[in-house]
Amino acid sequence: GIWTLSDSPDLADLRVSDWYSGTYLSEKTGPFSLRLDLENQASNLGDANYMNPSVGFNRELFKLAISLNIFPDLRLYMGGGCKLPWEDYINYETQVLFFSGLEATSAPFSLLGSSCRGYLAYHFRYEDQAGGTYNHTVQCGLRINLDQAQSGSLRLALVYDGGHSEFGDFFQQYDQHWGIGIFYDP
């Protein structure tokens with residue numbers, strides 16, 4: 001994923017750009033599922049901050065999530081993670097993180113010949129970084145299945161973020177914003 005923060009819609013005053021990449025292993029058995037992630041985050045200041053030189057922000061972490069489908073249309077999850085030990089961190093902070101959330105979907109309906117669902121998701125994350133950082137994210141949108149096999153979907157969402165900045169170079173700053181997201185789920 002790529003996230004940008006700019007002072008103008010044409011990105012002429014780009015403040016920062018973040019890239020997230022990674023891979024995961026997952027398993028589903030009945031209503032339970034497990035997911036192990038290896039994730040890399042890289043963050044670089046944009047042209048708007050050229051007077052403030054930065055070496056950038058680059059971190060790797062492992063995350064394990066456990067989820068439970070309580071009902072067919074409601075899923076709860078929780079998990080944790082830690083940064084890789086060879087990263088350069090503040091020694092008195094553990095660099096562990098905890099997260100939890102839920103996802104609820106509507107009954108399926110048809111829109112322009114595609115199977116769709118409305119959805120609402122909430123995600124909370126706490127990380128022992130910079131004295132303790134936390135984030136709340138809420139998504140509300142439409143999930144469009146791209147094929148009849150019920151795998152591969154596109155999500156269009158209104159997104160709210162509140163807490164410490166999601167951008168690596170600004171993670172110590174409080175941030176609250178709305179956005180529009182387009183997500184692909186394989």
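Residues are termed buried when their relative accessible area is under 20%, exposed when it is over 50% and partly exposed in between, with a 1.4 Å probe and protein chains only. The model is predicted, so that local features need pLDDT of at least 70 and side-chain atom pairs count only at pLDDT 80 or more, whereas totals for chains, interfaces and linings use all residues. Residues are numbered from 1 along each chain as its sequence is written, and side-chain values use heavy atoms, with hydrogens and water left out.

Two aromatic pairs are present in the structure, where rings of Phe, Tyr and Trp (its six-membered ring) pair if their centres lie within 6.5 Å, and planes under 30 degrees apart count as stacked, over 60 as edge-to-face and the rest as tilted. The ring centres of Tyr 77 and Phe 99 are 6.5 Å apart with planes at 50 degrees, so this pair is tilted; Tyr 77 belongs to strand β5 (residues 74-83) and Phe 99 to strand β6, 22 residues apart. Tyr 77 is buried at a relative accessible area of 14%, and Phe 99 is likewise buried, at 10%. The pair of Tyr 160 and Trp 178 is also tilted, at 5.2 Å centre to centre and 55 degrees between the planes, although Trp 178 is exposed, with 60% relative accessibility.

Definitions and conventions
Helix = DSSP H or I, 4+ residues; strand = E, 2+ residues; numbered from the N terminus.
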